[in-house]
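Trainee: Could we go through this model together? I would like to begin with the overall fold and then look at some details.
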Amino acid sequence: MNQTAPTPRVAVVTGGLGGLGTEICRQLAEAGHQVIAVDLPAREERLQAFHESLADLNGAVKYEPADVSQFDSCADLVARVEQRHGSVDILVNGAGITRDTSLRKMTPQQWHDLMRVNLDGVFNMCRNVVEGMTTRGFGRIVNLSSVNGQTGQFGQTNYSAAKAGVHGFGMALARETARKGITVNTVSPGYCDTALVAAVSADVRAQIIADIPVGRLGSAGDIARAVTFLAADDAGYITGANLPVNGGYFMSF
Ligand code: CAA
C-alpha cells in the first residue's frame, strides 16, 4: 500500500499540564505535530517535571501560559502561538475543573467558577481559532466532555451541565464549519486514573470502579488515543460526533 506521511500540524492542547493533557500532548507529538501545551502559569518545578517527562520528544511539545476562562488571555495566546509556531490547525480543549457538591450546598461562586473554565473556556478558545481555520480551509477541534455530562452525577450539577453543554456547543459548531474543512468532535472520558478522580472519596471511587465493565479506571493513554484519532487529517468525515471512552461504564446508541 502506498502510504504518505501525515502533514505535521500545530496543535494547541488546553489543560496541557494535567493528567490527561500531558498524555494528549505526547501522543499528538508522536503523530508528528508541533504541540503547544496551554495551562495556567505554573511553578518552575512543575514545568521542569513536565518537560522532563516529555524529554524524549526533542522539543516537539512547548508550554505557553494562558487562562482559558479569560477571552483576552486566549486571544493573546493564539496570537503568540501563531507568531512563534504558525497557524493553529488542531485545538484540543482539555482544561477542566470540578467543584463537587450537592446543589443544596452549591454557592453561585462554585457554579460560575466551573462554568468559566469548563464551558466559557471552550468558547474562548474556539472563537479565537475558528476564523483562521476557516480561512485556511482546515481545522480539527476536539473538546473533552465527560460521561457525567451524559448521565449526570450526584454532586455535579455544575460539571454535568457544563460537560453536556460542551457537546451541544460542538454539534452546533460542527454544522457551522463542516464545509470549511473543519471538524468538531467530543471525547467523553469515563473515570480515569487522574487527580480529579483521586479527589473523590475512597468508598465512592470503589463503587464506581465496581460498576465499570472493563474493571479498571481509564488511563490517560486511553483518552489520548481517541483524541489523536479525531485530530488526524484523514478523520475528516467524522464531525459533530461524541466518542465515549469509558470502559463500558455508560453505553448508548
Ligand atoms: N449517591 C447517593 N447519595 C449520596 C451520594 C451519592 N454519590 N453522595 C452523597 N449522598 C447523600 C448523602 O448520604 C447525604 O444523605 P442524607 O442527607 O440522607 O444524610 C446527602 O446525599 C448529602 O450528602 P453530603 O452532605 O455528603 O453531600 P455533599 O454536598 O457534601 O457532596 C459529594 C457529596 C462529595 C459530592 C458526593 O456526592 C460525591 O462524592 N459524589 C460523586 C462526585 C464524583 O463522582 N465526582 C467525579 C469527579 S471526577 C470527574 O468529574 C472526571 C470525570 O469526568 C468523570
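This is a predicted model: local features need pLDDT of at least 70, side-chain atom pairs count only at pLDDT 80 or more; totals for chains, interfaces and linings use all residues.

Trainee: In what order do the seven strands of the open sheet lie?
Mentor: The order is S3-S2-S1-S4-S5-S6-S7, with parallel pairing. The edges are formed by strand S3 (61–65) and strand S7 (242–245), each of which pairs on one side only. On average, neighbouring strands of this sheet are turned by 20° against each other, direction ignored.

Trainee: And which strands does helix H4 touch where it packs on the sheet?
Mentor: Helix H4, residues 108–136, touches strand S1 (10–14), strand S4 (90–93), strand S5 (139–144) and strand S6 (182–189). The direction of H4 makes about 170° with that of S4.

Trainee: What about S6: how many of its residues are buried?
Mentor: Eight of its eight residues are buried. Both faces are covered: one side carries Ile182, Val184, Thr186 and Ser188, and the other carries Thr183, Asn185, Val187 and Pro189.

Trainee: How is S6 joined to S5?
Mentor: S5 and S6 run parallel and are joined by six bridges; Gly139 has Ile182 in S6 as its bridge partner. S6 also pairs with S7 in the parallel sense, over four bridges, and there Thr186 stands opposite Asn242.

Trainee: Changing topic, which residues are closest to the ligand?
Mentor: Of the 20 residues that surround the ligand, the closest are Asp100, Ser102, Ser146, Phe154 and Gly155. Helix H5 (147–151) and helix H7 (195–198) are the elements that give two or more residues to this shell.

Trainee: How do the residues of that shell divide into nonpolar, polar and charged?
Mentor: Nine are nonpolar, nine are polar and two are charged.

Trainee: Last one: where does Pro6 lie?
Mentor: Pro6 lies in the segment before S1.

Trainee: Is Pro6 buried or exposed, and why?
Mentor: Pro6 is exposed because 12 other C-beta atoms lie within 10 Å, and a residue with 12 or fewer counts as exposed.

Trainee: Which residues is Pro6 in contact with, beyond its sequence neighbours?
Mentor: Leaving aside neighbours within four places in sequence, Pro6 is in contact with Ala31, Gly32, Ala232 and Asp233. Pro6 and His33, which are 27 residues apart in sequence, are 9.1 Å apart in space, C-alpha to C-alpha.

Notes: Residues are numbered from 1 along each chain as its sequence is written. Two strands pair if DSSP finds at least two bridges between them. Axes are lines fitted to C-alpha atoms, for helices over the stretch in contact, and angles run from 0 to 180 degrees between N-to-C directions. Two residues are in contact if their C-beta atoms, placed from the backbone, lie within 7 Å. A residue is near a molecule or strand if its C-beta atom, placed from the backbone, lies within 6 Å of it. Ala, Val, Leu, Ile, Met, Phe, Trp, Tyr, Cys and Pro count as nonpolar, Asp, Glu, Lys and Arg as charged, and the others, Gly among them, as polar. A residue is buried if 20 or more other C-beta atoms lie within 10 Å of its own, exposed if 12 or fewer, and partly exposed in between; C-beta atoms are placed from the backbone.
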